[in-house]
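Student: I am new to this structure and would like to go through it slowly, one question at a time. Could you show it to me first?

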Amino acid sequence: MEEMRGRSTEMVAKELASATVAYNMANLIRRMAAARVEIAPRRLSFNRVWSLVKVLLLESLDTTDPAKIQERIDLVLRMSGQCKLANRPGRHYPREVIARRRKFPLRPRKRGLKSRK
């Protein structure tokens, strides 16, 4: 869910509730996949798992057959178990502000002109 499209208060509430359910489902799948491959759930990428859930479960599931649904869930769990993040122990950096790049280069000033303040 990238953006809220509801215009009324009720629709925004429904969208928020459905987004919360989808988020919890992705986290549950991540935990189940981590248990299958015996690693910590935080070692699996949430973004990759969420992409699999969106593509394989939410968008392209066109059946009501329980066996096919279970087969698709097993596929998502198996593929989610392969979404491991790199092990990077001891990674502590001080927080800092990163300068944003400008869209356009600064305009060159002519020599001899004083800068405005």
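Predicted model: local features only at pLDDT ≥ 70, side-chain atom pairs only at ≥ 80, totals over all residues.

Student: Is M32 buried, exposed or partly exposed?

Tutor: The terms rest on relative accessible area, computed with a 1.4 Å probe on protein chains only: buried means under 20%, exposed over 50%, and partly exposed in between. M32 has a relative accessible area of 39%, and therefore the residue counts as partly exposed.

Student: How far apart are the C-alpha atoms of M32 and R78?

Tutor: Along the chain, M32 and R78 are 46 residues apart.

Student: Why are α1 and α3 described as roughly perpendicular?

Tutor: Axes are lines fitted to C-alpha atoms, for helices over the stretch in contact, and the angles run from 0 to 180 degrees between N-to-C directions. Angles under 35 degrees count as roughly parallel, over 145 as roughly antiparallel, 65 to 115 as roughly perpendicular, and the rest as oblique. The axes of α1 and α3 are 8 Å apart, and α1 and α3 are roughly perpendicular because they pack at an angle of about 65°.

Student: What span does α1 reach from its first C-alpha to its last?

Tutor: The expected span of a helix is 1.5 Å times one less than its number of residues. With 29 residues, α1 has an expected span of 42 Å, and its reach from first C-alpha to last is close to that, at 42 Å.

Student: Which residues of α1 are buried, and which helices do they pack against?

Tutor: The buried residues of α1 are E15, A22, A26, N27, I29, R30, A33 and A34. These buried residues pack against two helices, namely α2 and α3.

Student: At what angle do α1 and α2 pack, and which residues of α2 make the contact?

Tutor: The axes of α1 and α2 are 9 Å apart, and the two helices pack at an angle of about 110°, which means that they are roughly perpendicular to each other. From α1, the contact is made by A22, Y23, M25, A26, N27, I29 and R30, and from α2 by F46, V49, W50, V53, L57 and L58.

Student: Where does α2 bend, and by how much?

Tutor: The bend at a residue is the angle between axes fitted to the seven residues ending there and the seven starting there. In α2 such a bend is found at V53, and its value is about 30°.

Student: Is α2 roughly parallel or antiparallel to α3?

Tutor: The axes of α2 and α3 come within 10 Å and cross at roughly 160°, which means that α2 is, relative to α3, roughly antiparallel. The α2 side of the contact is V49, L52, V53, L56 and L57, and the α3 side is R72, I73, L75, V76, M79 and S80.

Student: What is the phi of E38, and where does this residue lie?

Tutor: E38 has a positive phi, near 55°, although it is a residue other than glycine. With a relative accessible area of 72%, E38 is exposed, and its place is the loop between α1 (9–37) and α2 (46–59).

Student: How far apart in space are A86 and R43?

Tutor: A86 lies in the segment after α3 and is exposed, with a relative accessible area of 60%. A86 and R43 are 43 residues apart in sequence, while the distance in space, C-alpha to C-alpha, is 7.6 Å.

Terms used
Residues numbered from 1 in each chain as written. Heavy atoms only, no water. Helix = DSSP H or I, 4+ residues; strand = E, 2+ residues; numbered from the N terminus. Contact = heavy atoms within 4.5 Å.
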